[in-house]
Amino acid sequence: MANFEAATFSGNARFQEAAFSGDAWFDTGSFQAAASFEKCVFSERADFSAIRVERAFSLADVSFSRVPDFIQANFAEAPRLDNLRIRPGFIESGRFWTSLVMRFSGGDRDVPARWRALKRIAIQGHDHEREQVFFPMEIRSARFVTDWPLHWRLWERTYFAGMLRFWFGCAYQLVSEFGRSVLKPAFFWCVAILLFAALYLGESQRLGPENEQSYWTNLKGVAVSAQPFVTGSEVADQNACTKRRDGAIQPLEAELAKGTSAVAEALHLALSNGSVLGGIGGPDAARRTYGCLYGFVRDDAGNLSPIVPASVSNWSLIQKTISVILIFLFGLAIRNMLKVR
């Protein structure tokens with residue numbers, strides 16, 4: 001163990017390439033001149049809490065095996081953190097199941113504050129890259145410490161806020177890796193397009209004279225049912241926009257139905273809602289899409305108006321909301337990748 005607790009370094013303090021195999025204590029120390037820990041290796045705990053640094057302080061190329069403690073550390077100038085490496089254990093990294101078991105056995109509950117102190121130092125030094133590393137670790141390490149998935153004392157603001165942070169943090173990590181992944185939001189956006197296209201297509205089949213089975217078939221990704229439509233003595237393709245509808249529902253005109261199908265129009269509707277640009281290509285395109293999928297009904301004036309089922313309107317609203325969130329996370333990841341503030 002190296003104990004420099006409350007030590008005062010009046011001259012330059014140079015620890016370059018030192019290897020600390022045990023705990024290293026520098027807490028409440030004072031560095032009145034330049035201090036350098038470049039290329040040091042800390043194998044155990046490193047405590048720099050409440051230190052006071054008057055001049056330069058370098059942690060470049062330092063390797064920590066545990067999260068160092070810089071809580072309440074005061075720097076006249078932001079320290080250098082280039083190529084800083086922290087390899088935390090299961091508790092300090094916030095890994096789900098192992099973290100849960102270890103925390104019940106009495107894990108260190110100061111870890112979130114240590115990550116938060118490191119984030120503050122990175123912000124002070126305008127080190128955007130390190131900030132984007134320390135912020136997720138602060139959220140993850142707080143799980144099962146201050147933030148729990150469920151809690152019976154929901155009437156207390158602290159516990160309720162912790163529960164919300166737990167679930168929103170998990171969702172933020174899953175969907176965008178805390179705003180650092182470009183591929184994850186794009187992937188979930190594509191999945192949402194396919195899922196909602198199947199829903200729109202399934203509603204189209206449900207409105208036809210066929211049985212309900214084709215609705216669930218479409219939700220499973222099967223575009224065409226094994227049961228063909230029969231109109232008189234002719235057999236029509238299930239995906240044809242000109243298929244016969246029940247009652248007063250009229251099909252799409254044959255001229256507009258050329259070159260399209262119910263599957264294509266369902267994908268078009270899902271893509272339009274997913275792009276959140278408003279509309280689905282103008283009134284003519286909207287008439288073709290809704291008319292192909294759900295048919296027309298004649299109003300009191302004798303005009304044919306495309307049908308928009310209430311369920312489709314609700315699903316469109318849900319899809320647009322999800323798409324706005326995913327597009328925002330995609331843009332956030334681009335911004336973080338380019339280090340734009």
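Phe 9 is buried, at 16% relative accessibility (buried is under 20% relative accessible area, exposed over 50%, partly exposed in between; 1.4 Å probe, protein chains only). Phe 4 is partly exposed, with a relative accessible area of 27%. The model is predicted: local features need pLDDT of at least 70, side-chain atom pairs count only at pLDDT 80 or more, and totals for chains, interfaces and linings use all residues. Residues are numbered from 1 along each chain as its sequence is written, and side-chain values use heavy atoms, without hydrogens and water.

A search of the whole structure finds 31 aromatic pairs. Phe 4 and Phe 9 form a tilted pair, 6.0 Å centre to centre with 45° between the planes. Rings of Phe, Tyr and Trp (its six-membered ring) pair if their centres lie within 6.5 Å; planes under 30 degrees apart are stacked, over 60 edge-to-face, the rest tilted.

Helix α11 spans residues 310-337 (helices are DSSP runs of H or I, at least four residues, numbered from the N terminus). Its 28 residues reach 41 Å from first C-alpha to last, close to the expected 40 Å (1.5 Å times one less than the number of residues). Buried residues of α11 include Trp 315, Leu 326, Leu 329 and Leu 332. Lys 339 follows α11 and has a positive phi, near 60°.

The axes of α9 (residues 262-275) and α11 come within 7 Å and cross at roughly 50° (axes are lines fitted to C-alpha atoms over the stretch in contact; angles run from 0 to 180 degrees between N-to-C directions). α9 is therefore oblique to α11 (under 35 degrees is roughly parallel, over 145 roughly antiparallel, 65 to 115 roughly perpendicular, the rest oblique).

How values were computed: Helix = DSSP H or I, 4+ residues; strand = E, 2+ residues; numbered from the N terminus.
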